[in-house]
Amino acid sequence: MLTFWFWMTPIFINEQQVPEQFRFILRLNPLALVVRAYRDRLLSYRIPSLQELAIVTAYAVTTFVLGGLFFRHLKRGFADVL
């Protein structure tokens, strides 16, 4: 799954170079937004829109909450592993 996610993140190519029928995958990929934001900030002087910031913030908060719940669920087993 992570390998597929890696290959569906447009790091070395523009989103316009992806065929139209596969662009929906880029819209579902949260890393595509982060890569686009970095590319826009490094290669131009465009300020991020509030919609872009809201989407990236929503992904970040969701990941943080799910990671915290996952950690809380598996916390008892960490002492056995360490």
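Predicted model: local features only at pLDDT ≥ 70, side-chain atom pairs only at ≥ 80, totals over all residues.

Tutor: E20 and R23 form a salt bridge, with their closest N and O atoms 3.1 Å apart. E20 is exposed, because its relative accessible area of 52% is over the 50% cut-off. R23 counts as partly exposed at 22%.

Next comes a contact between two helices. The side chains of E52 and R36 meet in a salt bridge, N to O at 4.0 Å. E52 sits in helix α4 and R36 in helix α3 (residues 30–43), so this pair ties together parts 16 residues apart in sequence. E52 is buried, since its relative accessible area is 18% and the limit for buried is under 20%. R36, at 26% relative accessibility, is partly exposed.

D40 pairs with R41. Their salt bridge has its closest N and O atoms 3.9 Å apart. D40 is buried, with 17% relative accessibility. R41 is partly exposed at 30%.

These last two pairs belong to a wider set. A network of salt bridges links E15, R36, D40, R41, R46 and E52. Over the whole structure, the search finds seven salt bridges.

Helix α4, which holds E52, spans residues 50–81 and also contains H73. H73 is exposed, at 58% relative accessibility. H73 and T57 lie 16 residues apart in sequence, and their C-alpha atoms are 24 Å apart in space.

Key: Residues numbered from 1 in each chain as written. Heavy atoms only, no water. Helix = DSSP H or I, 4+ residues; strand = E, 2+ residues; numbered from the N terminus. Buried < 20%, exposed > 50% of the residue type's maximum accessible area, 1.4 Å probe, protein only.
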